[in-house]
Amino acid sequence: MNYLIGEYECKLDTKGRMVVPAALKRQLPDVEREGLVVNRGFEKNLVIYTRAEWNKILKQLSRLNQFQPKNRDFVRRFMSGSTELMLDAAGRVLLPKSLLEYAEVTADVVLACNLEKIEVWSKAKYEEQLGALSEEDFSDLAEQVMGGFDLEGGSDD
């Protein structure tokens, strides 16, 4: 598995199209053939997945017991708005208007790579999200999340 890295500032045109930055496109070798999938994120953002990563998520979702209402509710909500993205000849993707409205994205966008996915944020919301956690709080969070983790072989617990 290749993890995605980087943070990219982009602009949307008036139709909601965004040029995928060349440095990011290089990390997505199959993007022109397989496309991408965009979906709602959990923090008023959007999330872009490679087709391979999206298929892994679908496989996990398909294993949920559909006789349990909470599972149906989650799958319905998670899948709502998911849209396939294909690059056009100019290397742009068209982000659906309904998803842009959900994430309150207008023109200025930040693409923030997060392991195997790409988060799409309005620039203002992204800066607000990052600014909400002080350096000291981030240090405490790092200790809580990663403190007992053996980076060579997994968790110590």
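Reply: Start with contact, which means heavy atoms within 4.5 Å. Leaving aside neighbours within four places in sequence, Val109 is in contact with Tyr8, Glu9, Cys10, Leu12, Met18, Val120, Trp121 and Lys123. Bear in mind that this is a predicted model, where local features need pLDDT of at least 70, side-chain atom pairs count only at pLDDT 80 or more, and totals for chains, interfaces and linings use all residues. Residues are numbered from 1 along each chain as its sequence is written, and side-chain values use heavy atoms, with hydrogens and water left out.

Me: Which residues touch the most other members of the largest nonpolar core?

Reply: A nonpolar core is a set of buried Ala, Val, Leu, Ile, Met, Phe, Trp, Tyr and Cys residues joined through side-chain atoms within 4.5 Å; buried means under 20% relative accessible area (1.4 Å probe, protein chains only). Here the largest has 27 residues, and Met18, Leu24, Leu46, Leu95, Val109, Leu111 and Ile118 touch the most other members. A second, separate core has eight residues, including Val37, Tyr49, Trp54 and Val75.

Me: How many disulfides does the count come to?

Reply: A disulfide is a covalent bond between the sulfur atoms of two cysteines; the rule used is a pair of cysteine sulfur atoms within 2.5 Å. By that rule the count is zero. For Cys10, the nearest cysteine sulfur is that of Cys113, 10 Å away.

Me: Is Cys10 buried or exposed?

Reply: Cys10 is buried, at 11% relative accessible area, and Cys113 counts as buried at 17%.

Key. Buried means under 20% relative accessible area, exposed over 50%, partly exposed in between (1.4 Å probe, protein chains only).
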